[in-house]
Amino acid sequence: MQQFNVLDISDVLASQQVLGTVPVYLNTPDAIFSQEILQELGQTRLELLEKVKNDDPGASGFLPLLFDAEMDAVSHFLLRVLCCNDGAASVWMIDAEEALLKLRWEQASDEEQCAALKQMNFVPESQGPRSRWVNLPAPGESRPYAVSMPFTDLPPKLLAQRRCTLCKGLARVERQDFLPLLCQCFRRHLHT
């Protein structure tokens with residue numbers, strides 16, 4: 001019989017912290033937690049999402065409770081599983097996770113924001129035939145200046161607000177509007 005080490009939440013020292021990053025939860029975590037810890041993670045995640053979604057100023061106090069990347073991912077996937085068969089709960093969870101993504105985006109460095117975009121397949125032009133990045137980094141910066149993508153993939157909000165430039169079927173989105181692109185990809189990912 002295979003023996004598994006059960007992780008105790010009080011013993012966790014973050015080897016990979018989630019604070020200052022923008023996780024997009026593409027990979028399912030491979031961890032084993034006790035039932036009590038799963039309940040605690042689920043409850044903490046629900047409270048955090050409720051506060052973030054309602055713009056509660058106390059939300060930032062909950063962020064350190066899920067500072068470990070693995071525990072953050074486990075709590076995210078736990079709620080995804082619990083909410084997936086309930087339409088209203090699923091909509092609430094996706095809206096709340098998007099609000100948390102926006103909060104983390106605002107707190108993240110340019111490099112971490114860039115990493116989140118790359119995880120959602122916004123890659124430099126030289127790295128693929130169906131690239132969505134225009135290779136126009138600002139001088140002295142690693143983050144691109146603009147994103148180029150088929151205009152049909154553009155968030156309707158950016159198109160309606162004329163926050164992009166259209167040319168030959170491609171939409172060019174400036175740096176200040178990267179977050180709506182990430183949010184749209186994130187929401188699509190959560191719907192699948």
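## Close-up views of a predicted model

D72 is buried, with a relative accessible area of 1%. This residue opens the set of views below, which are taken from a predicted model.

**View 1. D72 pairs with R104.** D72 and R104 form a salt bridge, their closest N and O atoms lying 3.0 Å apart. The pair links distant parts of the chain. D72 belongs to helix α3 and R104 to helix α4, 32 residues apart. R104 is buried, at 6% relative accessible area.

**View 2. R45 pairs with E97.** A salt bridge joins R45 to E97, with 2.8 Å between the closest N and O atoms. R45 sits in helix α1 and E97 in helix α4, so the bridge ties together parts that are 52 residues apart in sequence. R45 counts as buried, because its relative accessibility is 0% and buried means under 20%. E97 is buried too, at 1%.

View 3. The side chains of R187 and D95 form a salt bridge of 2.9 Å, N to O. R187 lies in helix α7 and D95 in helix α4, so this pair ties together parts that are 92 residues apart in sequence. R187 is partly exposed, with a relative accessible area of 23%. D95 is partly exposed as well, at 28%. Salt bridges with shared partners join R45, D72, E97 and R104 into one network. The whole structure holds 8 salt bridges.

**View 4. Y25 and F186 form an aromatic pair.** The structure has 1 such pair. Its rings are tilted: the centres are 6.4 Å apart, with 45° between the planes. Y25 comes from the segment before α1 and F186 from helix α7, 161 residues apart. Y25 is buried, with a relative accessible area of 7%. F186 is buried, with a value of 0%.

**View 5. The largest nonpolar core has 37 residues.** Within this core, F122, L154, L181 and L182 touch the most other members. Elements that give two or more residues are α1 (35–53), α3 (69–83), α4 (87–107), α5 (110–119), β1 (146–150), β3 (170–174) and α7 (178–191). Helix α7 supplies the largest share, 8 residues.

**View 6. L154 and its contacts.** Neighbours within four places in sequence are left aside here. L154 is then in contact with M149, L159, C164, A171, V173, L181 and Q184.

View 7. F151, L159 and L166 make a patch of about 260 Å². L166 is found in strand β2, residues 164–167. L166 counts as partly exposed, at 48% relative accessibility.

**View 8. The whole chain, for orientation.** The chain has 7 helices and 3 strands. Along the sequence they follow the pattern α-α-α-α-α-β-α-β-β-α. Of its 192 residues, 43% count as buried. Among contacts between residues at least 6 apart in sequence, 67% join residues at least 24 apart. The chain exposes about 11,100 Å², and carbon and sulfur atoms supply 51% of that area.

Note on methods. Residues numbered from 1 in each chain as written. Predicted model: local features only at pLDDT ≥ 70, side-chain atom pairs only at ≥ 80, totals over all residues. Heavy atoms only, no water. Patch = residues over 30% accessible without salt bridge, like charges linked within 9 Å, V, L, I, M, F, W, Y side chains within 5 Å. Areas by Shrake-Rupley, 256 points an atom, 1.4 Å probe, with all protein chains shown as cover. Salt bridge = Lys/Arg side-chain N within 4 Å of Asp/Glu carboxyl O. Helix = DSSP H or I, 4+ residues; strand = E, 2+ residues; numbered from the N terminus. Buried < 20%, exposed > 50% of the residue type's maximum accessible area, 1.4 Å probe, protein only. Core = buried A, V, L, I, M, F, W, Y, C linked by side-chain atoms within 4.5 Å. Contact = heavy atoms within 4.5 Å. Phe/Tyr/Trp six-rings, centres within 6.5 Å; stacked < 30°, edge-to-face > 60°.
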